[in-house]
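Have the viewer open as you read.

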Amino acid sequence: MSNAIEALEGRAASTPTSLRGPHQAIWTHGAVAAAAWAAAALVTLGLPDVVPWGSVDLFAGIMAGGAAVLLVLAFGAPHLSRFGQGLIHYGPWLIAIGVWFALWELTTAKFGWLPKPFFSPPNGLLNVYVTEAPRLLICIGYTLRLWSLGFFCGVTVGYALGVALGWSKRFSYWGMPILKLIGPVPATAWIPVTFYFFPTTFAASVFIVALASGIPVMILTSSGVSSVNRSYYDVGRNLGASEWYLVSKIAVPASLPHVFVGLFMGLYYSFAVLVVAEMLGAKFGLGWYIQFQTAYSGYANVYATLVIMSLICAGLVKLLFVARDYLLDWQKGFI
Amino acid sequence: MAASATALRAAPPAIRNVGVDIRGVSHAFDLDGSRLPVLESIDLSVAAGDFVALLGPSGCGKSTLLRLVSGLEQPSAGSILAEGSPIDRPDPSRILVFQDPTLFPWATVWSNVATGLDARGVLRQERGRIDSALDLVGLRDFTNAYPHQLSGGMAQRAALARALVNDPALLLLDEPLGKLDSLTRLTLQGELVALWRKAEFTAILVTHDVEEAVLLASRVIVLTERPGRIKAEFAVERPYPRHRDDPELVALRRQILATLGLAT
């Protein structure tokens with residue numbers, strides 16, 4: 001047994017060395033990526049703009065700086081242990097990013113094939129961040145406030161109702177048909193009603209986000225709770241468990257994998273309705289900013305804001321993955 | 001091992017060695033409106049401290065009878081008494097061990113074994129019993145393992161520890177070794193007898209394995225096909241520990257197989 005493990009470990013240890021072989025002296029992908037980034041910088045600086053977009057020097061500087069760092073890493077990365085290995089993995093992506101920026105710059109700012117105002121070069125987006133930073137930061141704050149309030153309210157209520165729906169026959173008798181009717185209705189369709197029921201437009205926006213994130217959590221939680229292996233409850237009852245114990249110590253942990261699917265869905269839905277929720281009399285917020293800029297054909301600002309939103313969403317998804325991996329550690333043997 | 005068994009029994013003295021009286025029990029399942037009778041007028045008395053095996057063809061209601069005795073279900077007719085009082089609900093003094101270990105996959109071995117104490121709110125006072133139970137089944141080194149990290153035999157041992165930690169007077173074993181490989185099964189058969197002799201509970205074992213029945217039990221009850229009725233009863237009067245090659249046991253095994261309609 002231990003021999004087998006040693007043999008396995010020996011092979012695992014030897015594999016990277018043989019893989020590293022060709023990269024030992026120089027990280028080829030890194031060198032090519034440096035060239036691609038340098039090309040993007042040269043294109044940006046060297047060719048004249050069809051229409052001015054601003055922040056040309058800054059963008060070229062960033063690309064050139066990136067190229068310089070990549071060039072250093074092309075020689076250094078093979079000697080860095082963990083960070084180097086991680087970087088080497090993303091080599092092809094780094095090349096693609098350099099080429100992508102160069103082509104993007106050419107087709108928009110330099111040749112004008114993709115014209116203003118519908119398209120913007122990368123330095124156009126950068127210029128938005130530079131000139132609009134204070135306003136965007138405030139918008140990010142407002143959006144995060146709305147999102148977190150809505151998401152946490154929605155998830156909490158959705159989870160509690162989901163457990164009740166999955167557990168109690170009577171609750172499910174009344175609740176399930178209603179959920180099936182309400183579930184497919186887009187959260188935004190409730191806007192007229194929310195105007196009547198909520199004292200402020202902000203509360204109405206929170207409700208829309210809560211609804212979008214709560215319903216998938218509710219559906220998945222109830223299906224998770226009701227699909228728990230019946231024998232677990234038999235074991236619990238046999239060992240003297242009360243009804244509350246069966247719910248809290250058996251139904252809840254057993255349904256957690258389902259709940260996380262619901263949380264991921266709720267996260268995506270809540271981001272999808274953010275823009276609409278921020279239509280409701282908001283003065284700040286990324287969704288509001290996108291609509292405001294769309295009305296004035298400020299598409300570069302729109303794109304720049306969309307990038308921020310997708311980065312925030314991706315970050316939250318990553319956080320949720322970390323939480324899932326921690327809480328569902330026991331599942332490792334199954335998935 | 002012996003010390004830990006004593007520790008297990010040092011708990012507040014419960015009613016030891018429950019005798020079970022099954023009186024005129026019939027049971028039927030409702031299947032889409034039609035009734036499927038599974039057990040018919042079963043009369044059986046199990047003396048305190050006895051080890052009784054139930055044998056019979058698949059689907060003859062053996063497992064159902066165990067569920068009725070555990071109190072997880074109520075019989076359609078007749079009554080079941082434990083020490084004279086009717087069984088009307090599940091209770092930790094009568095524990096059912098399933099063919100599947102049914103350990104909670106989200107909890108460690110320790111937490112799984114702790115379930116009964118935790119559910120009854122006595123975990124804090126009696127947590128020492130968990131280690132004793134794990135010692136008893138030889139799983140002390142796997143306290144913090146998750147069920148998916150255990151082999152089939154270890155998982156079934158953990159399920160036994162989860163039952164024994166509650167100091168049950170009656171252990172209902174529903175083919176607990178049915179899904180194990182044959183070597184593990186032979187080992188666990190020996191361990192089961194040893195546990196029974198040490199912890200002094202009453203045991204009712206459902207099995208398909210005639211050799212297992214005569215090796216472990218002092219009485220073997222053979223049921224008919226569904227709806228199950230008692231067809232025959234055999235007393236196994238051999239001292240423990242038994243040997244599976246004991247000629248008397250081999251002869252008895254042949255006799256029981258013949259009753260089951262399998263001439264050898």
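## Confidence in chain B

In this predicted model, chain B has a mean pLDDT of 86, with 92% of its residues at 70 or more. Within chain B, the highest mean pLDDT of any element, 94, belongs to helix α3 (residues 109-119), while helix α1 (residues 2-9) has the lowest, 44.

Please take some care with residues 1-15 of chain B, where the pLDDT is below 50. Beyond near neighbours in sequence, this stretch still has 27 contacts in the model. Where pLDDT is low, the predicted coordinates should not be read in detail. As for overall scores, the model has an ipTM of 0.86 and a pTM of 0.79.

## Where the chains meet

The contact between the chains draws 18 residues from chain A and 21 residues from chain B. On the chain A side, α10 and α11 each supply at least two residues, and α10(A) gives the most, with seven residues. Sorted by class, the side of chain A that touches chain B holds 10 nonpolar, five polar and three charged residues.

## How α10 and α11 of chain A pack

These two helices also pack against each other in chain A: α10 (residues 230-238) and α11 (residues 243-277) meet at an angle of about 150°, and their axes are 10 Å apart. Because of that angle, α10(A) is roughly antiparallel to α11(A). The crossing of α10(A) past α11(A) is right-handed.

From α10(A), the contact uses A:Tyr232, A:Tyr233 and A:Gly236, and α11(A) answers with A:Tyr245, A:Leu246, A:Ile250 and A:Ala254. By class, this contact has six nonpolar residues, one polar residue and no charged residues.

Notes. Residues numbered from 1 in each chain as written. Chains lettered and ligands numbered in written order. Predicted model: local features only at pLDDT ≥ 70, side-chain atom pairs only at ≥ 80, totals over all residues. Axes fitted to C-alpha atoms, helices over the stretch in contact; angles between N-to-C directions. Helix = DSSP H or I, 4+ residues; strand = E, 2+ residues; numbered from the N terminus. Parallel < 35°, antiparallel > 145°, perpendicular 65-115°, else oblique. Left-handed = near helix turned anticlockwise from the far one by under 90°. Contact = placed C-beta atoms within 7 Å. Nonpolar A, V, L, I, M, F, W, Y, C, P; charged D, E, K, R; others polar. pLDDT = per-residue confidence, 0-100.
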